[in-house]
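Dear colleague,

Please find below the structure that I am handing over to you.

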Amino acid sequence: MGKFTVLVTDDDQDIRDGIEIYLKNEGYNVLKAANGVEAIELLETSDVHVIILDIMMPKMDGIAATFKIREQRNIPIIMLSAKAEDSDKIHGLSVGADDYVTKPFHPMELVARVKSQLRRYVSLGTYEDKTQRIEIDGLVLDTEAKDVSLHGEPIKLTPIEFKVTELLMANAGRVFSIQDIYERVWNEPAYNAENIVAVHIRKIREKIEADPKNPRYLKVVWGVGYKMEK
């Protein structure tokens, strides 16, 4: 996967160093930070392609750092946490993370998730429809530039939010089940995916809909799934 750079952010030096060893063995450049403040400072001076971000850290925790990062960047963020509850995972994803890994974890699992996020971030997409520009009533998605705008105003989506939006816009009018969305976007079998998909749908609606409770674009088909209205 070329010389991509991964920013590893954790207040535990042993964890930072351990992750660094495995990532470097896979050919990645690695930057390290002990807290959210250091991570954001490194982002100002370095070209980073994936961020690994622990939640519980001093000075600035992972949640606050994610909020700050998402103000300007859509770099994939993989959150680390010792908490395994679904509510914690949903909270992490709802603030803008793209993936969530529970400690303790096998380093190669984390490496695999880094590779998966990079594929989504740098590729043009894997869907059958390769149209560069998709437009639905003022909502425009550019698959090459990887940006979205609404009536000319840019919309900031995370990489996962972009892929969900791309899937639905490229197949406007078609209803996708939660399982279909998860397996096509996350590229892995859907297991307890309902909450994860629902969180991302809600976040997309908050960004593209004038009234998220009465959406013009992203609609639910009760008992079936979601679709992008033509």
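**Backbone features**

D137 is partly exposed, with a relative accessible area of 47%. This residue is found in the loop between β6 (133-136) and β7 (139-142). Although D137 is not a glycine, it has a positive phi of about 45°. Please bear in mind throughout that this is a predicted model.

K59 also has a positive phi, near 70°, and is likewise a residue other than glycine. Its place is the loop between β3 (50-54) and α3. K59 counts as exposed because its relative accessibility is 74%, and the cut-off for that class is over 50%.

One peptide bond also deserves mention: the bond from K103 to P104 is cis, with omega near -5°. P104 is found in the loop between β5 and α5. For context, most residues other than glycine have a negative phi, and most peptide bonds are trans.

**Salt bridges**

A search of the whole structure finds 19 salt bridges. As a reminder, side chains of opposite charge can pair when their charged atoms come close.

In the pair formed by D98 and R70, the side chains meet with an N to O distance of 2.9 Å. Are the two partners buried or exposed? D98 counts as buried because its relative accessibility is 0%, where the class requires under 20%. R70, at 14% relative accessibility, counts as buried as well.

E26 and K115 also meet through their side chains in a salt bridge, at 2.9 Å from N to O. The pair links distant parts of the chain, 89 residues apart: E26 is in the loop between α1 (13-25) and β2 (29-33), and K115 is in helix α5 (residues 107-122). E26 counts as partly exposed, at 31% relative accessibility. K115 counts as partly exposed too, at 26%.

A further salt bridge joins E229 with K219, and the closest N and O atoms of this pair are 3.6 Å apart. Here the distant parts that are linked lie ten residues apart, with E229 in the segment after β11 (225-228) and K219 in strand β10 (residues 218-221). E229 is partly exposed, with a relative accessible area of 24%, and K219 counts as partly exposed at 28% relative accessibility.

Finally, a network of salt bridges links D17, E20, K24 and K32.

**A nonpolar surface patch**

I21, Y22 and M108 make a nonpolar surface patch of about 270 Å². Of these residues, I21 is found in helix α1.

**Pockets**

Rolling a probe the size of a water molecule over the atoms shows where empty space is left.

The largest pocket has a volume of about 600 Å³. It is lined by 27 residues, and those nearest its centre are K89, R113, Y182, E188 and I196. Which elements supply at least two residues each to this lining? They are α4, β5, α5, α7 (178-186) and α8 (194-208). The largest share, seven residues, comes from α5. By class, the lining of the largest pocket divides into eleven nonpolar, six polar and ten charged residues.

The second largest pocket has a volume of about 410 Å³. Among the 24 residues that line it, R73, N74, K156, L157 and T158 are the closest to its centre. Two or more residues of this lining come from each of α3, α5, β8 (147-150), β9 (153-155), α6 (159-170) and α8. With four residues, α6 gives the most to the lining of the second largest pocket. The classes in this lining are nine nonpolar, five polar and ten charged residues.

Yours sincerely

Methods
Residues are numbered from 1 along each chain as its sequence is written. This is a predicted model: local features need pLDDT of at least 70, side-chain atom pairs count only at pLDDT 80 or more; totals for chains, interfaces and linings use all residues. Side-chain values use heavy atoms; hydrogens and water are left out. A salt bridge is a side-chain nitrogen of Lys or Arg within 4 Å of a carboxyl oxygen of Asp or Glu. Buried means under 20% relative accessible area, exposed over 50%, partly exposed in between (1.4 Å probe, protein chains only). Patches are made of residues with over 30% relative accessible area and no salt bridge: like charges are joined within 9 Å, nonpolar side chains (Val, Leu, Ile, Met, Phe, Trp, Tyr) within 5 Å. Accessible areas come from the Shrake-Rupley method with a 1.4 Å probe; for residues, only the protein chains shown count as cover. On a 1 Å grid over the protein atoms alone, a cavity is a set of points where a 1.4 Å probe fits but cannot get out, and a pocket is an open set with protein on both sides within 12 Å along at least five of seven lines; lining residues have an atom within 4 Å of a point. Grid points are joined across faces, edges and corners, and a volume is the space filled by probe spheres set on the points. Ala, Val, Leu, Ile, Met, Phe, Trp, Tyr, Cys and Pro count as nonpolar, Asp, Glu, Lys and Arg as charged, and the others, Gly among them, as polar.
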